[in-house]
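Let's take a walk through a protein model together. Have a look at the picture first, and then we will go step by step.

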Protein chains: 2
Amino acid sequence: MKLDSIDHRILRVLQKKGRIQNLELAKEVGLSPSPCLRRVRLLEEAGIIRGYAALLDAPKIGLKLTVFARVWLTGQDVETTDHFVQQVIQLPQVVECHLMAGDCDFILRIVAADLDAYRQFQVEHLGRIKGVKSIKTEIPMQECKLSSELPL
Amino acid sequence: MKLDSIDHRILRVLQKKGRIQNLELAKEVGLSPSPCLRRVRLLEEAGIIRGYAALLDAPKIGLKLTVFARVWLTGQDVETTDHFVQQVIQLPQVVECHLMAGDCDFILRIVAADLDAYRQFQVEHLGRIKGVKSIKTEIPMQECKLSSELPL
DNA sequence: TCTGAAATTGATGGCTT
DNA sequence: AAGCCATCAATTTCAGA
């Protein structure tokens with residue numbers, strides 16, 4: 001799918017204001033409501049817009065801690081890594097999981113209420129997944145930026 | 001602000017379907033439309049709902065690469081770190097920036113079109129920020145999970 | 001592909017329970 | 001606080017340019 005400059009404008013606006021009304025969106029991108037809506041539908045159908053989400057304030061709902069966990073597995077074979085991925089993506093505390101090319105096998109970003117809650121999570125969930133050899137955690141002191149907005 | 005179980009249900013639904021209509025949301029949480037809308041407005045005003053966003057598919061808009069960059073600064077003093085943060089949060093390619101407690105000073109997650117685009121970004125933007133001593137990059141081979149949904 | 005009008009559907013606020 | 005109801009506004013569809 002080819003995107004023109006109006007599509008780009010639409011995406012930029014929707015990344016910032018996901019619940020904007022079509023009438024206002026149309027005004028902002030310089031289109032009348034019907035073609036604007038049609039473009040949005042096309043972007044949704046093409047999967048360029050994966051979905052819409054409310055963004056919550058983690059500390060305000062009691063999640064005061066973010067942790068990065070670096071995970072090493074006992075082997076790099078497909079069975080071991082696939083099994084790990086399947087388990088980990090089901091854990092709602094794990095908000096990111098990246099299969100790495102270099103040193104360690106995975107980097108996870110995990111949210112938790114506090115350090116105790118994280119320790120419990122690691123012992124009861126992460127550490128119990130088959131094939132996990134070791135876990136090293138790194139704790140951010142401050143979240144300087146956390147954006148769902150992509151540049152375009 | 002105290003959240004009851006209906007507020008939790010509202011937040012869970014809105015995290016998944018940020019553009020759901022109030023009528024349908026009310027049905028899903030077992031409320032009639034007006035009190036449902038009232039609760040949503042209160043959650044927004046309290047800042048528990050920070051906003052709404054369209055989630056885009058990075059590869060489909062040409063961003064095929066994610067990079068983790070670990071950054072060390074020449075000093076840990078407030079001026080050096082503050083300056084770095086102020087510069088980095090303005091760069092749209094930087095989607096996450098965490099000030100770390102341990103080994104390195106910052107972990108950034110950066111999106112780019114490809115490795116060439118990233119290299120250029122590092123040389124022209126990241127590396128030029130005052131106080132940056134060294135940068136080590138780590139490249140994920142696969143994004144297994146990347147969620148904006150918090151557990152509750 | 002856009003525009004503009006018409007019909008359907010949703011948002012919203014006051015009032016009652 | 002929640003439900004009901006009336007009003008107002010937005011979405012959505014379709015004909016015509």
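Chain A has an accessible surface of about 7,800 Å², and 51% of this belongs to carbon and sulfur atoms; such areas come from the Shrake-Rupley method with a 1.4 Å probe, and for residues only the protein chains shown count as cover. This is a predicted model, where local features need pLDDT of at least 70 and side-chain atom pairs count only at pLDDT 80 or more, while totals for chains, interfaces and linings use all residues. Residues are numbered from 1 along each chain as its sequence is written, chains are lettered from A in the order in which they are written, and side-chain values use heavy atoms, with hydrogens and water left out.

Now follow the fold. Five helices and six strands make up the list for chain A, in the order α-α-α-β-β-α-β-β-α-β-β along the sequence. Here helices (H or I, at least four residues) and strands (E, at least two) are DSSP runs, numbered from the N terminus. The C-alpha atoms of chain A fill a box of roughly 55 × 35 × 25 Å along the principal axes. Of the 152 residues in chain A, 49% are buried, that is, under 20% relative accessible area (1.4 Å probe, protein chains only).

Next comes the partner. In all, 61 residues of chain A touch 61 residues of chain B, where contact means heavy atoms within 4.5 Å. Together the two chains bury about 5,700 Å², with 61% of it on carbon and sulfur atoms; buried area is the accessible area (1.4 Å probe) that two parts lose on being put together, summed over both. On the chain B side, R19(B), L56(B) and K145(B) lose the most area to chain A, together 14% of what that side buries.

Technical notes:
Buried < 20%, exposed > 50% of the residue type's maximum accessible area, 1.4 Å probe, protein only.
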